[in-house]
Amino acid sequence: MKIRLHTEDLKSALNKVLSVVDKRNSRPILTYTLIETANDQLNISATDLEVSSKVVIKAQVDNPGKFCVNAKNIFDILKELPGTEIELSLDDQSNTLKLNCGDIHYSLLIYKADDFPHLVFNQDVNKFKLSSEQLANIINKTSYAVLNDETRLYLNGIYLQEIDSKLRAVATDGHRLSLLETDLSENNNETLINGIIIPRKGIFEIKKISETYPDSEIELSVDDTFLYVNAKNEYFLSVRLIAREYPKYQAVIPNKTTYTMTTDRNSFFDAIRRIKIMSNEKSNGVRLKLSDQTMTLTANHPSLGDAMETMPVDYNGKEMEIGFNAKYLIDTLHSFDEGEISLELNNELSPIIIKSNSLPNYLGIIMPLKL
């Protein structure tokens with residue numbers, strides 16, 4: 001079997017699947033990538049059994065076949081080769097892959113393809129479509145609130161649920177919550193109505209697909225165990241869902257709020273960043289004092305000193321002082337666009353809701369901090 005293609009094409013394809021390769025080396029074969037050839041195309045696959053990825057590229061192929069080669073090793077070689085055509089040829093007798101690029105020659109040990117796990121990338125049930133912009137938006141506006149602690153596995157991902165013909169994405173770590181609703185062209189998806197949890201690694205790979213194919217429609221399908229993603233029949237993902245029940249996040253969202261403070265997003269964002277410098281490293285605690293048309297931000301570091309900044313806001317409710325984790329505020333504000341934002345609250349101990357008129361289907365919630 002011989003394969004001829006451009007170095008950059010193969011390097012780009014391998015780069016897409018490389019982040020899926022099992023880094024823990026739980027099974028040696030999972031550090032390899034499966035390469036299959038047929039009909040002048042190359043299928044390159046990788047998996048860690050939780051997330052699987054496949055990329056399809058054009059190539060000149062003599063005789064179909066398949067083999068496994070160490071993913072990182074061949075990628076490291078390709079990075080150092082000139083941007084010209086390369087030839088891959090399989091020597092069945094010596095169980096090696098010959099890689100030739102002009103006067104440069106490599107001989108790589110390979111595994112039999114039979115040892116590689118069988119991967120599925122398509123299901124015909126529960127299909128729906130999202131634009132790459134919608135997918136990127138869901139991830140960018142919610143993933144910051146995903147918990148990075150495997151003791152509570154059910155919070156280690158983004159929760160997707162179909163509600164009233166919209167796709168609702170929720171993420172929370174118990175201290176903050178982000179929620180975004182997106183229009184769905186196909187509704188009454190039984191599995192989505194029950195809700196699914198996409199794990200952190202799967203989120204990263206889906207984001208990569210949305211960035212690889214901007215202004216494109218992405219096809220998704222879901223069953224009880226996996227989410228399948230297909231971009232233009234060229235880039236495929238299979239993501240094992242977190243098999244847990246998501247907490248009743250609705251209980252955290254206040255049904256109504258008494259007070260509203262409105263301010264400029266950029267001014268508030270910059271002020272929090274400045275005041276955070278003097279906050280305690282463990283709690284990142286800052287105080288927000290709301291009074292008539294004014295907000296005062298303060299922070300105190302036991303060994304460095306303190307900081308204070310006053311800024312005008314649109315607020316005429318009762319005077320109150322609330323403590324917050326500055327990092328949580330920064331992460332939430334970062335997900336909003338420029339312009340006015342509103343902070344809705346009831347008292348010093350209630351969650352604060354952050355909204356923007358420019359993003360009517362999005363909100364962030366932050367729990368107050370006792371300082």
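Reader: Which domains does the domain assignment give for the protein?

Author: This is a predicted model. The domain assignment divides the protein into three parts, listed here by residue range: domain 1 (2–111), domain 2 (127–250) and domain 3 (253–366).

Reader: Which residues does UniProt give for the feature "domain: DNA polymerase III beta sliding clamp N-terminal", and how much of that span is strand?

Author: The record is an unreviewed entry, and it places this feature at residues 1–119. The end C-alpha atoms of that span lie 23 Å apart.

Reader: What are the helix and strand contents of residues 130–248, the span of the central domain annotation?

Author: The UniProt annotation "domain: DNA polymerase III beta sliding clamp central", from an unreviewed entry, covers residues 130–248. Its end C-alpha atoms are 26 Å apart. Over these residues the chain is 24% helix and 39% strand.

Reader: How far apart are the end C-alpha atoms of the span annotated as C-terminal?

Author: UniProt, again in an unreviewed entry, gives "domain: DNA polymerase III beta sliding clamp C-terminal" for residues 251–369. That span is 18% helix and 42% strand. Its end C-alpha atoms lie at a separation of 19 Å.

Reader: How much area is buried between domain 1 and domain 2?

Author: The C-alpha centres of domain 1 and domain 2 are 30 Å apart. Contact between them involves 14 residues of domain 1 and 15 residues of domain 2. Carbon and sulfur atoms give 48% of the buried area, which is about 1100 Å².

Reader: Which residues of domain 1 lose the most area to domain 2?

Author: Three residues together account for 40% of what the domain 1 side buries. They are Lys16, Glu50 and Val51.

Reader: Which element gives the largest share of the side of domain 1 that touches domain 2?

Author: Across this interface there are ten residue pairs in polar contact. On the domain 1 side, the elements giving two or more residues are α1 (7–18) and β4 (51–58). The largest share is six residues, and the element that gives them is β4.

Reader: How do the residues on that side of domain 1 divide into nonpolar, polar and charged?

Author: The side in question is the part of domain 1 that touches domain 2. Its residues divide into six nonpolar, four polar and four charged.

Reader: Which residue forms a salt bridge with Glu50?

Author: The structure holds 21 salt bridges, and two are found across the interface of domain 1 and domain 2. In the pair that includes Glu50, the closest N and O atoms are 3.5 Å apart. The partner of Glu50 is Arg240.

Terms used:
Residues numbered from 1 in each chain as written. Predicted model: local features only at pLDDT ≥ 70, side-chain atom pairs only at ≥ 80, totals over all residues. Heavy atoms only, no water. UniProt positions renumbered as here; feature names shortened; annotations may be inferred. Helix = DSSP H or I, 4+ residues; strand = E, 2+ residues; numbered from the N terminus. Domains from an automatic or database assignment. Contact = heavy atoms within 4.5 Å. Buried area = accessible area lost by both parts, 1.4 Å probe. Salt bridge = Lys/Arg side-chain N within 4 Å of Asp/Glu carboxyl O. Polar contact = N/O pair within 3.5 Å; in protein donor to acceptor, adjacent residues only side chain to side chain. Nonpolar A, V, L, I, M, F, W, Y, C, P; charged D, E, K, R; others polar.
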